[in-house]
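Reader: I have the model open and some questions about it. Can we go through them one at a time?

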Amino acid sequence: MDKQLLEIKRQIRKWIKLDYIVPEDIPEIELYMDQVTHFMDRHLSGNKRTKDDKTLTKTMINNYTKNKLLPPPVKKKYSKEHIIILIYIYYLKNVISIGDIEKLLFPMTDRYFDSKKLTKIYEQIYEIEKVEYFNIESSTARAAAITEKMFPKNEDEYLNKMAFIYLLSYDIFSKKRLIEKLIDELPQVKKAEDEKKKCCQGRKK
């Protein structure tokens, strides 16, 4: 690997580095809302674009509960499972709509929220994410190298950055479209479950 590509990778590693919450850092004890927002901000504040950006607020949590993205707290306390769902929402809300998040997370909260399996799922996804980080780093470095070859930075810095941003945006847009297509298949599962419940209720009557 040439020195230029190595330098590009070093720079990209700084740019795309994200704060994250390792499974063992999630509290086992229940937390009040102020403790939840403090916990999230302490672990994810490095992801803010500016210091004034909010990681998670009380209003956000209340809205997530109101929109049925998050199960309501028990006696104003949030469990480990609540924290896990909030972490998913935190990342997803920057990519897909609130409606799509509800469709995506409904089966998870409906099936696994009151069981230890939710923690296990988070641990498994966390392990996958660690591997994917290096794939993202490599694909981003390739895009930067292609851009540099076509539009050298020392000749036109603006054109270099514009082309690089366009390549990254094209990649994100393509994946976002795929995510939306996959989510569009999920309501069919939810609809079938709702119809099954109605059928059972009808029989009881």
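Reader: Is K48 buried, partly exposed or exposed?
Author: This is a predicted model, and the answer rests on computed accessibility. Buried means under 20% relative accessible area, and exposed means over 50%. K48 has 25% relative accessibility, so K48 counts as partly exposed.

Reader: Which side chain does K48 meet in a salt bridge?
Author: Side chains of opposite charge can pair when their charged atoms come close. Here the N to O distance is 3.1 Å. The partner of K48 is D41.

Reader: How many salt bridges does the structure hold?
Author: The pair of K48 and D41 is one example. K161 and E157 also meet in a salt bridge. So do the side chains of R177 and E180. For the structure, the count is seven.

Reader: What separates K161 and E157 along helix α7?
Author: Their side chains meet in a salt bridge, 3.5 Å from N to O. K161 counts as partly exposed at 43% relative accessibility, and E157 does too at 42%. The two are four residues apart in helix α7, so the separation is about one helical turn.

Reader: Which residues are linked with R177 in a network of salt bridges?
Author: Start with the pair of R177 and E180, at 3.3 Å from N to O. These two are three residues apart in helix α7, which means about one helical turn between them. R177 counts as partly exposed, at 37% relative accessibility. The residues linked with R177 in the network are K176 and E180.

Reader: What share of the chain's residues count as buried?
Author: The cut-off for buried is under 20% relative accessible area. The chain has 205 residues. The share that count as buried is 31%.

Reader: Which element gives the largest share of the largest nonpolar core?
Author: This core has 31 residues, and I21, V36, M40, I61, I85, L86 and Y88 have the most contacts inside it. Elements that give two or more residues are α2 (33–44), α3 (58–66), α4 (80–92), α5 (98–112) and α6 (117–150). The largest share is eight residues, and it comes from α4.

Reader: Which residues does L86 contact, leaving aside its neighbours within four places in sequence?
Author: L86 is among the residues with the most contacts inside the largest core. V36, M40 and I61 are also in that group. Leaving aside neighbours within four places in sequence, the contacts of L86 are V36, M40, L56, I61, Y64 and L70.

Reader: Which element supplies the largest share of the lining of the second largest pocket?
Author: About 390 Å³ of space lies in this pocket. Of the 14 lining residues, I8, W15, E148, K153 and N160 are the closest to its centre. α1 (3–16), α6 and α7 (157–184) each supply at least two residues of the lining. The largest share, six residues, comes from α1.

Reader: How many residues in the lining of the second largest pocket are charged?
Author: Sort the lining by class. Six residues are nonpolar and four are polar. The number of charged residues is four.

Key. Residues numbered from 1 in each chain as written. Predicted model: local features only at pLDDT ≥ 70, side-chain atom pairs only at ≥ 80, totals over all residues. Heavy atoms only, no water. Core = buried A, V, L, I, M, F, W, Y, C linked by side-chain atoms within 4.5 Å. Buried < 20%, exposed > 50% of the residue type's maximum accessible area, 1.4 Å probe, protein only. Contact = heavy atoms within 4.5 Å. 1 Å grid on protein atoms, 1.4 Å probe; cavity = no way out; pocket = protein on both sides within 12 Å on 5 of 7 lines; lining within 4 Å. Points joined across faces, edges and corners; volume = space filled by probe spheres on them. Nonpolar A, V, L, I, M, F, W, Y, C, P; charged D, E, K, R; others polar. Salt bridge = Lys/Arg side-chain N within 4 Å of Asp/Glu carboxyl O.
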